[in-house]
Amino acid sequence: MTAMRSANKRSVRQPSAPIQTSRPLLILLTVVTLAGCVGVATQLTPRHRWNEKWGPMVPHHTFPGDCSTCHISADWQELREDFTFDHAEETGYALTGAHDGAACLRCHNDRGPVQGYVERGCGGCHVDPHKSTLGIDCERCHNEVHWEPIGAIADHANTRFPLIASHALTTCESCHQRATVGDYRGAPVECHLCHQTEASQASPNHVINGWVTGCEDCHTPAAWAGAQINHDFFPLVGGHAGLACGQCHPNEQFVAIPNDCFSCHQNDYTAAPNHVALNFPTTCELCHNINAWTP
């Protein structure tokens with residue numbers, strides 16, 4: 001009986017031990033398998049590149065399945081030359097002015113459904129550089145042909161500083177230093193606050209003479225050059241007209257000077273024949289006039 005039990009124990013088949021597989025080997029097999037799948041998927045469906053300028057394009061799931069309807073085969077980024085699309089008929093939104101030549105991706109991109117920002121008007125696509133300080137009615141100053149402002153001179157006439165003469169031709173940034181960030185507030189209206197550079201470089205020397213305010217006494221909005229000085233106390237006519245200021249005002253210092261002829265023409269008197277020898281009077285106007293020194 002004992003021998004029989006021993007034989008039965010030997011005849012009973014014991015379960016085999018589980019096969020031990022290396023963990024690194026499993027990881028390697030997984031990586032190889034995934035790489036193969038990705039390679040096949042890439043061959044079947046090439047990854048669409050982003051547009052280098054405008055970013056990712058909107059999904060094409062509603063577009064025709066035939067890519068050659070719009071694209072050329074050589075370059076996915078380029079449309080066919082004969083490609084046409086009636087935007088007004090197909091979408092109900094007509095493209096006019098500069099919008100007609102805009103790249104599709106300017107409006108159709110990854111920012112979301114285009115209807116969302118079209119409903120917000122100009123501000124849906126164009127960031128307001130004025131930061132709402134001029135209102136939200138962009139069409140009051142801009143149109144669809146170009147972004148340059150229109151009617152700015154007429155609008156400026158309603159401010160405390162109407163734009164006339166050369167001021168109507170200058171750029172906004174010349175007076176509004178924060179115009180580039182949309183801030184047009186607080187610009188000065190006094191001439192000297194804008195024209196300090198011109199005054200510091202002007203001839204005659206404005207700084208030495210204390211001419212730092214009241215530019216409008218001599219200048220006009222037409223131009224900084226060609227200033228007209230009120231010289232009624234000594235009319236500049238005849239030979240005196242057109243003279244450089246420094247010929248009568250030495251060192252460009254405009255202090256009070258005598259207005260008799262001899263004070264300015266003493267050298268002419270001395271150089272003239274016989275004036276000194278014959279003791280001619282210094283009342284030059286007895287023989288000379290203001291048109292020329294020659295009698």
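Predicted model: local features only at pLDDT ≥ 70, side-chain atom pairs only at ≥ 80, totals over all residues.

I started with tyrosine 269, which is buried at a relative accessible area of 8%. My cut-offs: buried is under 20% relative accessible area, exposed is over 50%, and partly exposed is in between (1.4 Å probe, protein chains only).

Residues are numbered from 1 along each chain as its sequence is written, and side-chain values use heavy atoms, with hydrogens and water left out.

**Overall.** I got 10 helices and 0 strands for the chain; these are DSSP runs numbered from the N terminus (helices H or I, at least four residues; strands E, at least two). Buried residues come to 12% of the 295 in the chain. The chain exposes about 23,300 Å², with carbon and sulfur atoms supplying 59% of that (Shrake-Rupley method, 1.4 Å probe; for residues, only the protein chains shown count as cover).

**Rings.** I found 2 aromatic pairs. Rings of Phe, Tyr and Trp (its six-membered ring) pair if their centres lie within 6.5 Å; planes under 30 degrees apart are stacked, over 60 edge-to-face, the rest tilted. Tryptophan 211 and phenylalanine 254 have ring centres 5.0 Å apart and planes at 45°, so I logged the pair as tilted. Both sit in the loop between helix 9 (196-201) and helix 10 (261-271), 43 residues apart. Tryptophan 211 is partly exposed at 30% relative accessibility, and phenylalanine 254 is partly exposed at 23%. My tyrosine 269 turned up in the other pair: its ring and that of phenylalanine 262 have centres 5.4 Å apart and planes at 85°, so this one is edge-to-face.

What does asparagine 209 touch, leaving out residues up to four places away in sequence? I listed Glu252, Gln253 and Phe254, with contact meaning heavy atoms within 4.5 Å. Asparagine 209 is in the loop between helix 9 and helix 10 and counts as buried at 18% relative accessibility.

**Charges.** I counted 2 salt bridges (a side-chain nitrogen of Lys or Arg within 4 Å of a carboxyl oxygen of Asp or Glu). Arginine 80 pairs with aspartate 82, closest N and O atoms 2.6 Å apart. Aspartate 155 and arginine 140 meet at 3.5 Å, N to O. Aspartate 155 lies in helix 6 (residues 152-156) and arginine 140 in the loop between helix 5 (122-125) and helix 6, so the pair ties together parts 15 residues apart in sequence.
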